[in-house]
Amino acid sequence: MDLRDVPAPDLEDPLFQPYWAGAAEGKLVLPRCSGCERVNWPPRSVCPHCRSTESAWAEHQPHGTLFSWTVVGRATAPGYHEVPYAVGIVALDDAPVRLMGTIVGAEPSALVMDMPMSARFAPAGSSPEFTLVQWEPTADLSATPTNPGS
Ligand SMILES: [Zn+2]
């Protein structure tokens, strides 16, 4: 992957601006409805649960479990030339929402359902404010057990 080639979204879009600003600081920031206190993702101008138009953004722990994933075998997206790679959906540990992102740090064949995942914040595109949230297995799958007797 060469994330410098990934086209940046509109980082000033008011619906997403706090998310992108948080990611640029290495934080996972999501909107919480001020009416019913639910975390909504993706952000919406009107809460789908209570119709409130007020929300506040809060930082969340960048940890979750792998809910699902797919393996991309054909390079078609700018910045994603090396295939295969996996794109996953991660269920956050501290909020009932799922986030999608590229999975790094593990071969797609090593992925398993419900495996612990951690967010990784990767600079992308040509703007210093553009940071992608990627996911990687929390445990190091490549680690080999150490032999205390040797
Ligand atoms: Zn609500």
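Me: In this predicted model, what is the bridge partner of His63 in β6?

Reply: The partner of His63 in β6 is Ser118. This pair belongs to the region where strand β3 (residues 63-72) and strand β6 (residues 116-123) pair in the antiparallel sense.

Me: What makes β3 and β6 a pair of strands?

Reply: Three bridges are found between β3 and β6. Pairing requires at least two bridges, so the two strands qualify as a pair.

Me: How do you know that β6 also pairs with strand β7?

Reply: Seven bridges join β6 to strand β7 (residues 131-137), and the two run antiparallel. The requirement is at least two bridges, and therefore β6 and β7 are paired. Within this arrangement, Met117 stands opposite Pro137 in β7.

Me: Why are strand β4 and strand β5 called paired?

Reply: Strand β4 (residues 85-92) and strand β5 (residues 98-103) run antiparallel and are joined by six bridges. Because at least two bridges are needed, β4 and β5 count as paired. Ala91 stands opposite Arg98 in β5, and a hairpin of five residues joins β4 to β5.

Me: Why is Thr102 called buried?

Reply: Thr102, which lies in strand β5, has 23 C-beta neighbours inside 10 Å. The cut-off for a buried residue is 20 or more, so Thr102 counts as buried.

Me: Which residues does Thr102 touch, not counting residues up to four places away in sequence?

Reply: Thr102 touches Tyr85, Val87 and Gln134. These residues meet the criterion for contact because their C-beta atoms lie within 7 Å of that of Thr102.

Conventions:
Residues are numbered from 1 along each chain as its sequence is written. This is a predicted model: local features need pLDDT of at least 70, side-chain atom pairs count only at pLDDT 80 or more; totals for chains, interfaces and linings use all residues. Helices (H or I, at least four residues) and strands (E, at least two) are DSSP runs, numbered from the N terminus. A residue is buried if 20 or more other C-beta atoms lie within 10 Å of its own, exposed if 12 or fewer, and partly exposed in between; C-beta atoms are placed from the backbone. Two residues are in contact if their C-beta atoms, placed from the backbone, lie within 7 Å.
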